[in-house]
Amino acid sequence: MKTTKQHDADRLKSNDYDPKMALTVADLFFYAAERCNKQSDTEKWLPVPAIVNYTFSCEVYIKALLIKTGTKKEHNLLTLFSQLPDNIQIEIQQSLDCSDSYFREMLENISDSFEEVRYAYEYQSLNVNLKFIQKLSASLKNISHKIIINEFISQTSP
């Protein structure tokens, strides 16, 4: 049963989404993850929020790249990643400097982390590779910025 949410009246239609705004939102979650993933004498390491924020930033970076072709309400990173054009998938994988099989295995392993890790208390155990998520998120940040900003520049140049 679908319920009405507070801001539904202000929700944009998906064809009105702005990829630059999606980048901004993804960046905010990326920087939140970076902050949570630090540990010092004055700051505690917060691995669960770090994983959740990194994986959500990955999701939004991918969705920013998919805005023109349309995105669905989907959190699974493998599903979203497979919707990207082949050349972008290859660029992302190559930026991580790992084999195709390792990349696919790690991506499959973290695909549902945004949903699962938020409710970690519901699981006997969760095996999540934080280093891979961090590298993937940074790669998606760089590549999505490059692609979307270059598109924007080429559209606005005379």
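Student: Asn127, buried or exposed?
Tutor: Asn127 counts as exposed, because its relative accessibility is 64%. Buried means under 20% relative accessible area, exposed over 50%, and partly exposed in between, with a 1.4 Å probe and protein chains only.

Student: What kind of model is this?
Tutor: This is a predicted model: local features need pLDDT of at least 70, side-chain atom pairs count only at pLDDT 80 or more, and totals for chains, interfaces and linings use all residues. Residues are numbered from 1 along each chain as its sequence is written, and side-chain values use heavy atoms, with hydrogens and water left out.

Student: Where is Asn127 found?
Tutor: In the loop between H6 and helix H7 (130–156). Helices (H or I, at least four residues) and strands (E, at least two) are DSSP runs, numbered from the N terminus.

Student: What separates the C-alpha atoms of Asn127 and Asp16?
Tutor: 37 Å, for residues 111 apart along the chain.

Student: Next, H1. What span should helix H1 have?
Tutor: H1 covers residues 19–36, 18 residues, and should span 26 Å at 1.5 Å a residue. Its end C-alpha atoms are 26 Å apart, which agrees. The expected span is 1.5 Å times one less than the number of residues.

Student: What caps the N-terminal end of H1?
Tutor: Asp18 does, with a side-chain oxygen 2.9 Å from the backbone nitrogen of Lys20. That relies on the polar contact rule: a pair of N or O atoms within 3.5 Å; within protein, one must be able to donate a hydrogen and the other to accept it, and residues adjacent in sequence count only if both atoms are side-chain atoms.

Student: Which residues of H1 are buried?
Tutor: Pro19, Ala22, Leu23, Ala26, Asp27, Phe30, Ala33 and Cys36. Asp27 counts as buried because its relative accessibility is 11%.

Student: What does Asp27 touch?
Tutor: Tyr61, Lys141 and His145, not counting residues up to four places away in sequence. Contact means heavy atoms within 4.5 Å. The side chains of Asp27 and Tyr61 also make a polar contact at 2.5 Å.

Student: How many residues of H2 are buried?
Tutor: 17 of its 20, which leaves H2 mostly covered. Helix H2 (residues 47–66) reaches 28 Å from first C-alpha to last, close to the 28 Å expected.

Student: What is phi of Asp97?
Tutor: Near 50 degrees, a positive value in a residue other than glycine. Asp97 is in the loop between helix H4 (86–95) and helix H5 (100–110). Asp97 is exposed, at 73% relative accessible area.

Student: Last one: why does Ser113 count as buried?
Tutor: Because its relative accessibility is 0%. Ser113 is in helix H6 (residues 113–118). Leaving aside neighbours within four places in sequence, Ser113 is in contact with Ile51, Thr55, Arg118, Val128 and Ile133.
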